[in-house]
Amino acid sequence: MGSDVSGATSTEATTAPSGALLEVTDLVKHFPIKSGLLFDREVDQVRAVDGISFSVDKGETLGLVGESGSGKSTACRAVLQLLKPTSGSVKFEGQEIAGLGRRELRPLRREMQMIFQDPYASLNPRKRVGQIVGDQLKIQKVASGGELRKRVEGLLDRVGLSPEHYNRFPHEFSGGQRQRIGIARALALEPKLVICDEPVSALDVSIQAQIVNLLDDLQDELRLTYVFVAHDIGVVRHISDRIAVMNQGKIVETGPADQVCEHPRDAYTKKLLAAVPIADPRESAARRAERTAAG
Amino acid sequence: MSATPETAPVSPGTGGGPLLEVDGLRVGFATEDGRVQAVDGVDFQLEPGEVLAIVGESGSGKSVTAQTLIGLTRSPNSHIEGSVKLNGEELTTLSEAQLQKVRGRQIAMIFQDPMTSMNPVYTVGRQIIEAIRAHDSKVGKRDAHRQAIELLEAVGIPDADRRVDAYPHEFSGGMRQRAMIAMGLALEPSILIADEPTTALDVTIQAQILDLIQDLNRSRGLATILITHDLGVVAEVADRVLVMYGGKVVERGTLTDIFYDPQHPYTWGLLGSLTRLDQPRPHRLPQISGAPPSLLNLPSGCAFRPRCPHEFGKCKEVPGLEARLPEDPNHRDRCWLTAEQKRRLREVEGRIGLEEPRG
Ligand SMILES: Nc1ncnc2c1ncn2[C@@H]1O[C@H](COP(=O)(O)OP(=O)(O)O)[C@@H](O)[C@H]1O
Ligand SMILES: Nc1ncnc2c1ncn2[C@@H]1O[C@H](COP(=O)(O)OP(=O)(O)O)[C@@H](O)[C@H]1O
Ligand code: SF4
Ligand SMILES: [Mg+2]
Ligand SMILES: [Mg+2]
């Protein structure tokens, strides 16, 4: 707790004048490909993240979009130091966090949280909802006993669950509700930055919309900063202020959300845009005719 | 029996009437907690060469409807009522052996996860070859192998003559879905049932699979039942649409009806949930709150009542699936609001959506 406070003040002193909460520069994460019978010899590398730079201002949502395998999740994890970057810089409130040790990172863990795609795999099936949401509050000694319970119930309420869900297990919930549990857990420590890694990709469209609206509301209420990841540029455009398009470990285009979607510059961005279904049959038929004519 | 067209058992459209006719279909399951009425009175017809979409949230009974068509929900704890006729022939009373012949040869089904219907220890080619030879033992191995390659080519798998010898796990998700479609096509069925075929895929791959489904529909006259939770997908390929909620069809109509003149508040909510690249961004998505009901005990009256911001006294009674627009007898819905009220209430921030009426 003590180190936490001093950490916060020292970072404030070095806050970049740009107002960027997060600043990522030339971030690289390569995975070794090993082979050999007796010795693990490194034969090649997967260039999952291959030198990306972006920044996110306080209160802003940056959308990160790309196909499966483009390196989005690796980028998220490398930013949060859940994976050790191969090289590059990650500054949070002006403070370099790339390469920090476990202990130095601990206070920062409160400020930066993550929401995952798979609401089934990311919740411990043996823990009750109250425990899942409250664990970090307890571990970081923020609250305990009756106070802890009250805070967890407040969080459940805030994400649209009922306080009565406190003692239930994850399997008793639908995909959308589990995603709400994941959001409550991420918000428990009142983070500044939340990285949402495909939080809606596995959900029905109706539930996607609920979660997107919930994230919007929470951002307004709690002045959160988001990095929102998806493979569907339609969803990304809706929620983001700016968009970064990622392809094969690199960011190929960045810009304001409407600009990127209305006047894409990169061919890959155009491909992503062309793939999103248009919920207007006349327009989608016209587009299809164009596509078939083109080849 | 041979899988070649001239001797295919039933060719589409021979008898005039619909290819598939479903009447009063009800499917219930006895469970520990009570009876789950998964499908509760579904009627529809599928014409040769058309694409019919069944759309709704998870748990609305779409898959059970589709599976029941080809007898996949038969079990000691299921109770099935109603009629399913293929070219006038009743399927619900066929024996399992007779149904086996219908599956594949006349109706093929593909699923969200192709792995569930592929055998991981056999090559993709071998599975197609076995499907062909199981239905017609006279087809030689070499011919079947050649057919398998042709099928893989037809569904857009590059290097088909090499890939035919690959195992399912060596394919990407999109390629696997193509391979499963190829398997489905092996016996030249007249109907393809595609149950959420693109739900697990990236939008880029989804677009390719939807193109493929439409190509097959156009080039082979393959009638298709496409199941999805996403009206965006529906807009891309369907001719007609059934919107399902709580085991019932709550609205049905042509693509034009459903997208430009939707009558049921649930349909408005599904439309409002879509993030649209072709429109300015709304402040909020005018979506549906809450979750679909448990099919163990549906709300009384209109099943959508607990989630409907427009409900009123009359909604305590169950609305029938009726044509409520005098000019359009084939556009039907289950909502008590008047057509005039519907036109007014569905408009939210210049688009269609579901929201508490203001003022
Ligand atoms: N732990 C790992 N070891 C080796 N390769 C990995 C690892 N994690 C991810 N990759 C590879 O890195 C690339 C990017 O993956 P990922 O970041 O998960 O992409 P996305 O989230 O955009 O789908 C992929 O080729 C993936 O196979
Ligand atoms: N074999 C079964 N036994 C009991 N309930 C079932 C069975 N199969 C499906 N159901 C139930 O039927 C309902 C409808 O399921 P389904 O048709 O799969 O919905 P959808 O495809 O629209 O998501 C669900 O509540 C599901 O749990
Ligand atoms: S019948 Fe009533 S509750 Fe049902 S959809 Fe119509 S207005 Fe809503
Ligand atoms: Mg990922
Ligand atoms: Mg289903």
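**Figure 1. The residue after helix α2 of chain A.** In this predicted model, Gln81(A) follows α2(A) and has a positive phi, near 65 degrees.

Figure 2. Helix α2 covers residues 72–79 of chain A, and six of its eight residues are buried, so the helix is largely enclosed by the rest of the structure. The buried positions are Lys72(A), Thr74(A), Ala75(A), Cys76(A), Ala78(A) and Val79(A).

**Figure 3. Overall fold of chain A.** Chain A contains 11 helices and 10 strands. Its C-alpha trace extends over about 65 × 50 × 45 Å along the principal axes. The radius of gyration of chain A is 20 Å, which agrees with the value near 19 Å that a compact globule of 295 residues would have. Among contacts in chain A with a separation of 6 or more, 66% join residues 24 or more positions apart.

Figure 4. Of the 295 residues in chain A, 52% are classed as buried. The accessible surface of this chain amounts to about 13,500 Å², and carbon and sulfur atoms contribute 49% of that area.

**Figure 5. Domains of chain B.** Two domains are assigned in chain B: domain 1 comprises residues 116–187, and domain 2 comprises residues 262–352. The C-alpha centres of domain 1 and domain 2 of chain B are separated by 43 Å.

Notes
Residues are numbered from 1 along each chain as its sequence is written. Chains are lettered from A and ligands numbered from 1 in the order in which they are written. This is a predicted model: local features need pLDDT of at least 70, side-chain atom pairs count only at pLDDT 80 or more; totals for chains, interfaces and linings use all residues. Side-chain values use heavy atoms; hydrogens and water are left out. Domain bounds come from an automatic or database domain assignment. Helices (H or I, at least four residues) and strands (E, at least two) are DSSP runs, numbered from the N terminus. The radius of gyration is taken over C-alpha atoms; the globule rule is 2.2 Å times the number of residues to the power 0.38. Buried means under 20% relative accessible area, exposed over 50%, partly exposed in between (1.4 Å probe, protein chains only). Contact means heavy atoms within 4.5 Å. Accessible areas come from the Shrake-Rupley method with a 1.4 Å probe; for residues, only the protein chains shown count as cover.
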